[in-house]
Amino acid sequence: MSYRILIAEDERKIADFVFRYLKKEGYLVDIKYRGDDALAMILTDPPDLVILDIMLPGMDGLEVLRRMREKIYLPVILLTSKSDETDRVVGLEMGADDYVTKPFSPRELVARVKAIFRRMEALKGVSGSADIIKSHNIKLDLKTRALESGKRSTTLTSIEFSLLKLLMKHPGRVYSRDELLDLIWGEEFIGETRTVDVHIKNLRKKIKGLGGSPDIIRSVWGVGYTFED
Ligand code: CA
């Protein structure tokens, strides 16, 4: 079965270009030129992934992201302009999985899309007795991507999940930001190491929200991160 991707982008040239490229890769693709139309489709007939422009008529991309996150989890790649730096960080904090900056090459975008689907496939393949990793009063469910502590539970984005799973599986091992980018985003990802920091910050916030200690993901100054042994 082919994955279905929704492109929410009002610049028709970009939308059509991305549409053709994704089609060629074998994906089913829809386009919405307005934010409110995109949100309506996401909530009524959810695709497998959303490519979401930030500047959209009807409703801006960040608002679409915020509203969809209240209802469902779907991977989101933000399309941003160079000048959208703040929005990009806000978007990642709101749970976008990734972003590309305009102008981008279609190859770059397709690489990100594939990386997300690869992670989703990897999650599906998980089964057996090792479905839950427990440590420091938090439980990570490898099947549902839920993070639990006591009676409280929250759902992680695919990136947060992959990050936490990796760190929890190797407590005490220190990962550099570059290493995490390679392992989680894939080697073809050319990104800023600050992206890692934003996702770690989100994870800590979620752990804290559950009543856990955010410091179980420890910063190793000048290097990266480790999960407390
Ligand atoms: Ca736009």
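Reader: Hi! Which residue does the side chain of Arg 88 meet in a salt bridge?
Author: Glu 192 is the partner, with 3.8 Å from N to O. Keep in mind that this is a predicted model.

Reader: Nice. How many salt bridges does the rule find across the interface of domain 1 and domain 2?
Author: Two salt bridges turn up between domain 1 and domain 2.

Reader: And polar contacts, how many residue pairs there?
Author: Four residue pairs are in polar contact between the two domains, counting pairs with both residues at pLDDT 80 or more.

Reader: Which elements give two or more residues to the side of domain 1 that touches domain 2?
Author: Those are α4 (85-93), β5 (98-101) and α5 (106-124).

Reader: Which one gives the most?
Author: That would be α5, which supplies six residues to the side of domain 1 touching domain 2.

Reader: What kinds of residues divide up that side of domain 1?
Author: Eight are nonpolar, eight are charged and one is polar.

Reader: Let's step back. Where do the domains run?
Author: The domain assignment puts domain 1 at 4-124 and domain 2 at 132-227.

Reader: How far apart are their C-alpha centres?
Author: The centres of domain 1 and domain 2 are 23 Å apart.

Reader: How many residues are in contact on each side?
Author: Domain 1 brings 17 residues, in contact with 19 residues of domain 2.

Reader: Last one, I promise! What area do the two domains bury between them?
Author: About 1700 Å² is buried between domain 1 and domain 2, and 49% of that lies on carbon and sulfur atoms.

Conventions
Residues are numbered from 1 along each chain as its sequence is written. This is a predicted model: local features need pLDDT of at least 70, side-chain atom pairs count only at pLDDT 80 or more; totals for chains, interfaces and linings use all residues. Side-chain values use heavy atoms; hydrogens and water are left out. Domain bounds come from an automatic or database domain assignment. Contact means heavy atoms within 4.5 Å. Buried area is the accessible area (1.4 Å probe) that two parts lose on being put together, summed over both. A salt bridge is a side-chain nitrogen of Lys or Arg within 4 Å of a carboxyl oxygen of Asp or Glu. A polar contact is a pair of N or O atoms within 3.5 Å; within protein, one must be able to donate a hydrogen and the other to accept it, and residues adjacent in sequence count only if both atoms are side-chain atoms. Helices (H or I, at least four residues) and strands (E, at least two) are DSSP runs, numbered from the N terminus. Ala, Val, Leu, Ile, Met, Phe, Trp, Tyr, Cys and Pro count as nonpolar, Asp, Glu, Lys and Arg as charged, and the others, Gly among them, as polar.
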